[in-house]
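This report concerns a predicted model. It considers a surface patch, an aromatic cluster and a helix in turn.

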Amino acid sequence: MAKVTVLMPTYNVEKYVREAIESVLRQTYSDFELLVMDDCSTDGTLDVVRTIDDPRIRIERNHSNLGLADNLNRGLSLITTELVARMDGDDIAEPFWLEREVEVLDNHPEIGIVSGGFERFGTQQSLVRFPERHEDGLANMLFECTVIVPTYRMTLYRDHGLRYSSEAFPAEDYRFWAECLRVTKLYNIQETLFHYRMHPTQICTEKRVVQQEKVAQVRRYMLEWLSDRFSEEEKRYYVQQFTRKEIDTRADLMQRKAFAQKMIDANRSVGHFKEAALRRRLDKHLTLSLYDTVVNRYFADGYTIGRYIKYLRSGLALKTGRKYETKFLLKSLLGKRV
């Protein structure tokens, strides 16, 4: 029996699934099987998968469309291996993806989930790195999902009964990892292990508004885990205002700083988050929010000395700090475009 099952849910990815599967079959780590869970695709996805002749591929087609979360849960119920690796049918794995992640799990029994860096391609391009260490990754979960294309231990499913939530769709991954990180540790490898395809028909593109609502629910879930002392009004403030990157006024900034301190104080009673990591993440959020506010308010149409003077007169320069003040000045002197 293989050690790892690569769990690949598919639904109408005929254009991309061959490239995705071939990237798995090229892995330098060989002790795996690929479980393709087709959720009643209405295009040629299943036909493409069936043309790929490799004994490591196992195909399961649902009798009815279950939706992504329940399709993943059914896949998990069919897995008997020690580890499971998760990828979508429209992404591309680097050849050393499994090798890198399995190696960490083999050498660190205290770690239950290993994720890595990835590169967006297609309609968007960017490199993404999540915090390497567990304590920083956990603090980052207060704002966003910190896990992508991971390999993890099946004990999370077998011993802890953790499942993907259909009610959290299309933020089911975020919710699942938020629950997992209550009982295990995370490590993020700081190199590109995956290429994440961005295209117009993705779930996250088609259901953007719904996804934002579901993300807000997971953020609330994380805040409630930090402490049960927050009122309903404070929880609403956190998901609707605090986690936004746009800062409206100086009073808004001061209110956010006060709330960040309250989070730090509240965490001490339970201690789910390392205080230093929590403080680093909150400081980063406030700094980046202020930076984005300044850029959008004063330099949205480009950098000029006139706009830089308006920025100085606003008093925000005292809040953004010398580093960013110098950066804005240099760009203004050079007349940089945004």
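Helix α15 is the largest contributor to the nonpolar patch, giving four residues. The patch lies on the surface and consists of I305, I309, L329, L330, L333 and L334, which together have about 540 Å² of accessible area. Two elements each give two or more residues to it: α13 (305–314) and α15 (322–334).

L334 belongs to helix α15. With a relative accessible area of 64%, L334 is exposed, since the cut-off for that class is over 50%.

## Aromatic pairs and cluster

The count of aromatic pairs comes to 24. One of them joins Y308 and Y311, a tilted pair with 5.8 Å centre to centre and 55° between the planes.

Y308 and Y311 are three residues apart in helix α13, so about one helical turn separates them. Y308 is buried, at a relative accessible area of 7%, and Y311 is likewise buried, at 0%. Both tyrosines are part of one aromatic cluster, formed by Y291, Y298, F299, Y303, Y308, Y311, Y324 and F328.

## Helix α11

Helix α11 covers residues 250–267, and its 18 residues should span 26 Å at 1.5 Å a residue. The end C-alpha atoms are 26 Å apart, in agreement with that expectation.

The buried residues in α11 are D252, L253, R256, F259, A260, M263, I264, A266 and N267.

Conventions. Residues are numbered from 1 along each chain as its sequence is written. This is a predicted model: local features need pLDDT of at least 70, side-chain atom pairs count only at pLDDT 80 or more; totals for chains, interfaces and linings use all residues. Side-chain values use heavy atoms; hydrogens and water are left out. Patches are made of residues with over 30% relative accessible area and no salt bridge: like charges are joined within 9 Å, nonpolar side chains (Val, Leu, Ile, Met, Phe, Trp, Tyr) within 5 Å. Accessible areas come from the Shrake-Rupley method with a 1.4 Å probe; for residues, only the protein chains shown count as cover. A salt bridge is a side-chain nitrogen of Lys or Arg within 4 Å of a carboxyl oxygen of Asp or Glu. Buried means under 20% relative accessible area, exposed over 50%, partly exposed in between (1.4 Å probe, protein chains only). The expected span of a helix is 1.5 Å times one less than its number of residues. Rings of Phe, Tyr and Trp (its six-membered ring) pair if their centres lie within 6.5 Å; planes under 30 degrees apart count as stacked, over 60 as edge-to-face and the rest as tilted.
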